[in-house]
Amino acid sequence: MPESYDEKHEYRNMAASDNETPMTTSGYPQKITHKKSNKKPVRQQKFLTKTRKKATKKFARVLLVIGVIVVIVFSGWVAVSLAAKPQTEPEPELDEPDDSVGEVLPEIPVSPLREEDGVTYLKIEEYEMILVNKEYSVPSDYGSGITEEAQQAFDSLKNAAAEDGYSIYVGSDYRSYETQKSIYNNKVAQRGEEEASRWSAKPGHSEHQLGLAFDVYGADYSHYLEQSFDTTPEFAWLKEHAAEYGFIIRYPKDKEWATGYGYEPWHIRYVGIEIAGIISKSGLCVEEYANLV
Ligand SMILES: [Zn+2]
């Protein structure tokens with residue numbers, strides 16, 4: 001549309017200016033000038049159309065080049081974004097389990113178990129302790145009393161508590177396989193097997209048979225073998241200092257899911273100063289170290 005309009009417009013102008021000259025020279029120039037003027041505009045028109053066509057072609061070429069560049073750039077961007085997607089997309093999927101695992105696993109070192117003469121040893125870092133729980137037991141003839149090492153450690157603990165003004169008493173320490181058997185059977189008779197096993201170990205599965213465990217109480221005997229023992233000042237002292245003498249509170253609060261036993265603030269187990277330090281600092285229980293849960 002604009003092309004033909006321009007052509008018509010220019011042609012009209014040219015025809016007008018051509019007509020003017022002959023009109024001034026002769027009085028009757030119309031036919032001749034018209035003939036003359038007819039030739040010139042056609043040539044010029046052709047020339048103009050040619051240049052215009054050339055310009056249009058050039059313009060089209062430029063447009064084509066720009067178009068090609070745009071297409072190349074756009075397809076390049078699409079290719080890059082497509083290539084980038086598969087790299088970024090799986091990342092969060094991989095990150096998620098990594099994060100959740102990363103928070104838990106480094107805190108629980110792999111602690112190998114070793115068995116010798118029917119006794120299972122749990123290695124925590126470079127130290128070992130005898131492992132006895134619902135799963136692992138000792139032979140019926142194992143143990144003969146509180147071990148010398150455990151007794152000495154307990155005496156030190158008791159003396160240190162006394163120096164701080166607290167009296168710690170022992171309600172129960174070593175128990176033979178036979179003693180444990182009668183205790184367990186009595187509990188089952190009283191409360192049924194399920195409830196009995198929450199609080200009392202089956203014979204061969206008791207830490208008391210190891211000669212390394214003490215059930216203790218303080219000035220107020222009414223808290224003996226009661227969870228309320230954890231409200232006493234003696235327990236507060238034990239919680240803070242027991243590890244310094246090699247003892248851990250073996251069945252901690254909120255760890256029944258791991259130990260299989262209810263919370264027993266009165267039951268302390270000798271494991272040695274090193275392991276007691278590691279466990280009390282970590283807040284983990286023995287079964288968590290043994291990867292038994
Ligand atoms: Zn006990």
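In what order do the three strands of the open sheet stand, and is their pairing parallel or antiparallel? Keep that question in mind while you colour this predicted model by confidence; the protein averages a pLDDT of 78, and 62% of the residues score at least 70.

Select residues 1–40 to begin with, where pLDDT stays under 50 and the model has 19 contacts beyond four places in sequence. Then move to residues 85–106, where pLDDT also stays under 50 and the model has zero contacts of that kind.

Now select the sheet, whose three strands follow the order β1-β2-β3 with antiparallel pairing. At its edges you will find β1 (113–116) and β3 (127–130), each of which pairs on one side only. Neighbouring strands of this sheet are turned by 30° against each other on average, direction ignored. Looking at β1 together with β2 (residues 119–124), you can trace four bridges joining these antiparallel strands, and Arg114 stands opposite Tyr121 in β2.

Next, select helix α4 (residues 148–163), whose 16 residues should span 22 Å at 1.5 Å a residue, which agrees with the 23 Å between its end C-alpha atoms. Its buried residues are Ala150, Ala153, Phe154, Leu157 and Ala161. If you look down the axis of α4, these buried residues fall within an arc of 100°, so they line one face of the helix. Among the elements that cover them are β5 (213–217), α7 (233–241), β6 (247–249) and β7 (267–270). Turn to the other side of α4, and you will see that Glu148, Asp155, Asn159, Ala162 and Glu163 are exposed.

Finish at Gly165, which follows α4 and has a positive phi, near 100°.

Notes: Residues numbered from 1 in each chain as written. Predicted model: local features only at pLDDT ≥ 70, side-chain atom pairs only at ≥ 80, totals over all residues. Pairing = 2+ DSSP bridges. Helix = DSSP H or I, 4+ residues; strand = E, 2+ residues; numbered from the N terminus. Axes fitted to C-alpha atoms, helices over the stretch in contact; angles between N-to-C directions. pLDDT = per-residue confidence, 0-100. Contact = placed C-beta atoms within 7 Å. Expected span 1.5 Å × (residues − 1). Buried ≥ 20, exposed ≤ 12 C-beta atoms within 10 Å, placed from the backbone. Arc of directions from axis to C-beta.
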